[in-house]
Amino acid sequence: MMKTYKIAVIGQGYVGLPLSLEFAAHYSVLGFDINGQRVNQLNEGQDITLEADIEKLNDGLKKYNESNGSVGYKATSELSDIAEANIFIVTVPTPIDKYNAPDLNPLISASKMLGEIIKKGDIVIYESTVFPGCTEEECVPVLEKYSGLKYNEDFFVGYSPERINPGDKVNTLTSVKKVTSGSTEEIAEEVDLLYKKIITAGTHKASSLKVAEASKAIENAQRDVNISFVNELALIFDRIGIDTNDVLEAAGTKYNFLKYKPGLVGGHCISVDPYYLAHKAEQLGYHPDVILSGRRVNDSIAKFIAAKVVKLMIAKGGIIKDSQALILGVTFKENCPDVRNTKVVDIYTELSDYGVNVDIYDPWASKEEVKHEYGIDILDELIEGKKYDSLIIAVSHNEFLQMDLNTLKKENSVVFDTKACLDRDLVDARL
């Protein structure tokens, strides 16, 4: 007899919501989130992350109501609502703390919560990025403790790392191959078939939970190390006095050269996941030199940008203290409202430490979220008539590419382009 799935997705953010809506086309899906305001918005057909297909969201809500919950989507913050589910998918954030150590609190809290409601035969699938071994070493004991059930006898676990790229409307959830795994061979097959239902690009069934966990960690660690290499090149070429992008264009004419670009490395994945892998390595007595040196280089770029802007201003005869700077963009990437772990804030802090008065303008970012996360007030809109001593293009939003920067510049203003997205004749320097 075919198993009837009732799915609960824990966390309704950038990862959990698109996942919920894809499954809702086939199954009954409850999207659980502890943020009541977020739940209300979703049930009204709104999504502030801009990741959801609004048509799919409203279609899912309609199906759920019309079928009396047998198919479709509904958001909830009530634990009792999801108690009848038999598949629980965890998509909570896995950040790092101020010491760059993994912060597993959201993951452990979600596991504790699920331990109180899971039943015999239920499957808990984790999608949150973790270090290899975390699911079995950290999450499973919590599930056992609070449920009183036995792992791989009474309940089972899967791990299928998320591959959501915020703001990317081409490489979407269904169009990117999905890695799956399960705590037994049978469960691995069941989890794989479940995801095959929604992932048109297909799936890759990993040989174990640890392999699936490690695959996610190295996806982003590899990208981080590659970007750190070109960021280090940018630091070297700045001292030589040549343009990094010119060098990359020339080198890129060879068939096997990988054209990574220098830049700020923020966000919830690339700048975080390598620390999870490093944490596990150090637990086992190995110090991962390459991974951590890459992290150090990438974390230094904001300071370099701020210092470079100050040097350029001094070279033009500018006075630094109480000068006016405008940073265009605060999200961690272009055309996306996500401000998690943005390194633009580090440029702001560095310039402020030099005595510069800094404004930030970003039409994509939530003013309230930036204030809550970083304690910084950003502009609602550009101040009419205000001109700046320095302009830093930190994010290449489409809006900024159309902007006439001359309306914002003083006579000897410095313009620094961190994204190499503007005509080079318009800028004094670029990364």
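**View 1. The largest nonpolar core of the predicted model.** This core has 37 residues, and those touching the most other members are I10, I82, F88, V90, L107, L114 and Y126. Two or more core residues come from each of the strands β1 (6-10), β2 (28-32), β4 (87-90), β5 (123-126) and β6 (156-159). The helices α5 (105-115), α6 (134-147) and α8 (209-240) likewise each give two or more.

**View 2. Surroundings of I10.** Leaving aside residues up to four places away in sequence, I10 touches F32, I82, I89, V90, T91, V92, A110, M113 and L114. Elsewhere in the model, a second, separate core consists of 34 residues, including I305, M313, V339 and I347.

**View 3. Helix α12 and what covers it.** The helix spans residues 344-353, and V344, V345, I347, E350 and L351 in it are buried. Among the elements covering these buried residues are the helices α11 (289-315) and α13 (367-374). The strands β9 (324-328), β10 (357-361) and β11 also contribute to this cover. Just after α12, G355 has a positive phi of about 95°.

**View 4. S396 in its loop.** S396 lies in the loop between β11 (388-393) and α14 (398-401). S396 counts as buried because its relative accessibility is 12%, and the cut-off for buried is under 20%. Its contacts, not counting residues up to four places away in sequence, are E334, N335, L401, K419 and C421. S396 and L328 are separated by 68 residues in sequence, while their C-alpha atoms are 8.5 Å apart in space.

Methods: Residues numbered from 1 in each chain as written. Predicted model: local features only at pLDDT ≥ 70, side-chain atom pairs only at ≥ 80, totals over all residues. Heavy atoms only, no water. Core = buried A, V, L, I, M, F, W, Y, C linked by side-chain atoms within 4.5 Å. Buried < 20%, exposed > 50% of the residue type's maximum accessible area, 1.4 Å probe, protein only. Helix = DSSP H or I, 4+ residues; strand = E, 2+ residues; numbered from the N terminus. Contact = heavy atoms within 4.5 Å.
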